[in-house]
Amino acid sequence: MFFERHGGGERTVLVHLDGQDPEAREDPQEFQELAESAGADTVAFVSIARQQPTAKYLIGSGKVEELRDLVKAEQVDLVIFNYTLTPSQERNLERAFECRVIDRTGLILDIFAQRARTHEGKLQVELAQLEYMSTRLVRGWTHLERQKGGIGLRGPGETQLETDRRLLRVRLRQIKGRLEKVRSQRENARRGRKRADIPSVSLVGYTNAGKSTLFNNLTQSDVYAANQLFATLDPTLRRLELDDLGPIVLADTVGFIRHLPHKLVEAFRATLEESSNSDLLLHVIDAHEPERMAQIEQVMAVLGEIGAQDLPILEVYNKLDLLEGVEPQIQRNADGKPQRVWVSAQDGRGLNLLSQAVAELLGDDLFVGTLRLPQRLSRLRAQFFALGAVQSEEHDDDGHSLLAVRLPRVELNRLVSREGMKPLEFIEQHTLQ
């Protein structure tokens with residue numbers, strides 16, 4: 001008998017499977033936070049110890065009966081499993097519970113659909129949803145799956161299910177084509193920034209580590225930030241001026257999560273490429289989170305999937321305001337380079353140290369010296385001042401400006417080239433003719 005699914009609802013039962021395999025096990029607290037982020041009204045949390053999942057229901061038939069009684073007693077509209085269900089398991093559970101059933105991937109997709117704001121973000125979410133739904137279409141059309149011939153039943157030769165699959169394939173091609181254009185536009189923007197010698201820095205990290213709050217404090221922006229999973233979905237780029245370095249482009253990106261579905265990584269590849277093409281990654285870590293080491297491993301795993309694991313990384317231990325006895329500081333490696341910075345994005349402590357560490361890592365090729373400029377290069381002199389690169393200025397007996405400057409060598413070479421001169425290897429004191 002075909003079961004008509006409910007139109008919607010938020011009264012939810014959460015089902016967590018606790019198995020022995022530590023790699024496959026999910027975090028029950030994170031599961032509850034995901035459901036809360038999606039807007040679920042949780043009426044019950046059920047934890048089931050299961051060593052070997054069953055093919056039909058994933059869980060045993062006895063547990064199915066218990067859950068069915070709970071669903072009817074609490075008038076539940078939705079059951080969410082903290083596990084990846086096969087399409088057949090999802091259909092079987094819906095028939096048994098007579099309500100909607102989704103798995104962990106479906107839950108994450110729903111949160112992404114709520115958070116998407118830009119045209120690109122909405123396209124990426126739709127792509128992931130359609131690819132996820134493509135194997136589950138039969139659930140809604142089982143009554144048309146085996147159409148028979150006969151008087152009044154002969155049609156165009158295509159069942160509704162086949163029509164839906166064909167339309168879905170067409171839509172998938174359209175979305176992939178549009179995302180390819182977005183990818184091309186992002187690549188052109190990155191090339192433009194590289195031609196202008198502007199370094200790019202991306203914030204990456206586990207979801208709810210505080211990336212958007214840190215981004216807002218550094219760039220004086222108002223990107224949406226909240227204490228919830230996947231508060232940020234659409235990437236945001238801002239220009240930021242750093243002392244001793246000049247301008248950089250800072251990108252706030254989507255957070256990662258344990259067992260992030262591969263379809264989501266594929267769908268968001270155009271966005272994640274912003275991270276894989278950066279000059280420096282700021283790995284934001286929730287210093288107050290007891291499971292932070294496991295979260296760090298998950299972030300590195302996703303960075304490996306997008307080919308960004310070998311980029312320079314500066315660890316930013318955030319939420320210092322929730323810790324006692326820990327002060328803002330820069331921790332360095334054996335070579336003296338910044339490796340880890342402890343900050344609080346909430347109250348701003350340590351952000352000056354973070355800017356200093358970023359400038360050090362990106363400013364390896366920094367020119368520090370005195371330039372002797374004749375009066376005819378007054379425009380070049382003004383550009384040095386505009387960049388904030390001038391430390392002090394004096395004048396010699398011939399009226400030349402003696403500028404003590406500090407700026408990236410590539411920026412110095414760019415300014416000199418604009419004046420029709422060739423970029424030079426500068427010594428401590430150099431005269432520009």
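These notes go through a predicted model, from the whole chain down to a single residue.

1. Overall make-up. The chain has 433 residues, 48% of which count as buried, and its secondary structure consists of 13 helices and 15 strands. Its accessible surface comes to about 22,000 Å², with 46% of that area belonging to carbon and sulfur atoms. Among the contacts in the chain with a separation of 6 or more, 68% are between residues 24 or more positions apart.

2. An open sheet. Four strands form an open sheet in the order β2-β1-β3-β4, and their pairing is parallel. Strands β2 (41–49) and β4 (100–102) stand at the edges, and because each has a single partner strand, one side of each is left without a neighbour in the sheet. From one strand to the next, the twist averages 20 degrees.

3. A residue within α1. Is Phe-31 buried or exposed? Phe-31, whose place is in helix α1, has a relative accessible area of 0%, and so it counts as buried. Leaving aside residues up to four places away in sequence, Phe-31 touches Leu-14, Val-15, His-16, Phe-45, Ile-80, Phe-81, Asn-82 and Leu-107. For Phe-31 and Tyr-83, which are 52 residues apart in sequence, the C-alpha to C-alpha separation in space is 9.9 Å.

4. A pair of helices. Two packed helices are described by the angle between their axes and the distance between the axes. For helix α2 (residues 61–74) and helix α3 (residues 87–97), the angle is about 50 degrees and the axes are 9 Å apart, and α2 and α3 are therefore oblique to each other. On the α2 side the contact is made by Val-64, Leu-67, Arg-68 and Val-71, while α3 supplies Leu-93, Ala-96 and Phe-97. By residue class, the contact of α2 with α3 divides into six nonpolar residues, no polar ones and one charged.

5. An enclosed strand. Which residues of β8 lie on each of its two faces? Leu-280, Leu-282, Val-284 and Asp-286 are on one side, Leu-281, His-283 and Ile-285 are on the other, and all of them are buried, which leaves both faces of β8 covered. Since seven of the seven residues of strand β8 (residues 280–286) are buried, the strand is largely enclosed by the rest of the structure.

6. The partners of β8. Strand β5 (residues 200–205) runs parallel to β8 and is joined to it by five bridges, with Leu-203 standing opposite Leu-282 of β8. Strand β9 (residues 313–318) also pairs with β8 in the parallel sense, in this case over six bridges, and here Leu-281 stands opposite Ile-313 of β9.

Terms used. Residues are numbered from 1 along each chain as its sequence is written. This is a predicted model: local features need pLDDT of at least 70, side-chain atom pairs count only at pLDDT 80 or more; totals for chains, interfaces and linings use all residues. Side-chain values use heavy atoms; hydrogens and water are left out. Buried means under 20% relative accessible area, exposed over 50%, partly exposed in between (1.4 Å probe, protein chains only). Contact means heavy atoms within 4.5 Å. Accessible areas come from the Shrake-Rupley method with a 1.4 Å probe; for residues, only the protein chains shown count as cover. Two strands pair if DSSP finds at least two bridges between them. Axes are lines fitted to C-alpha atoms, for helices over the stretch in contact, and angles run from 0 to 180 degrees between N-to-C directions. Angles under 35 degrees count as roughly parallel, over 145 as roughly antiparallel, 65 to 115 as roughly perpendicular and the rest as oblique. Ala, Val, Leu, Ile, Met, Phe, Trp, Tyr, Cys and Pro count as nonpolar, Asp, Glu, Lys and Arg as charged, and the others, Gly among them, as polar.
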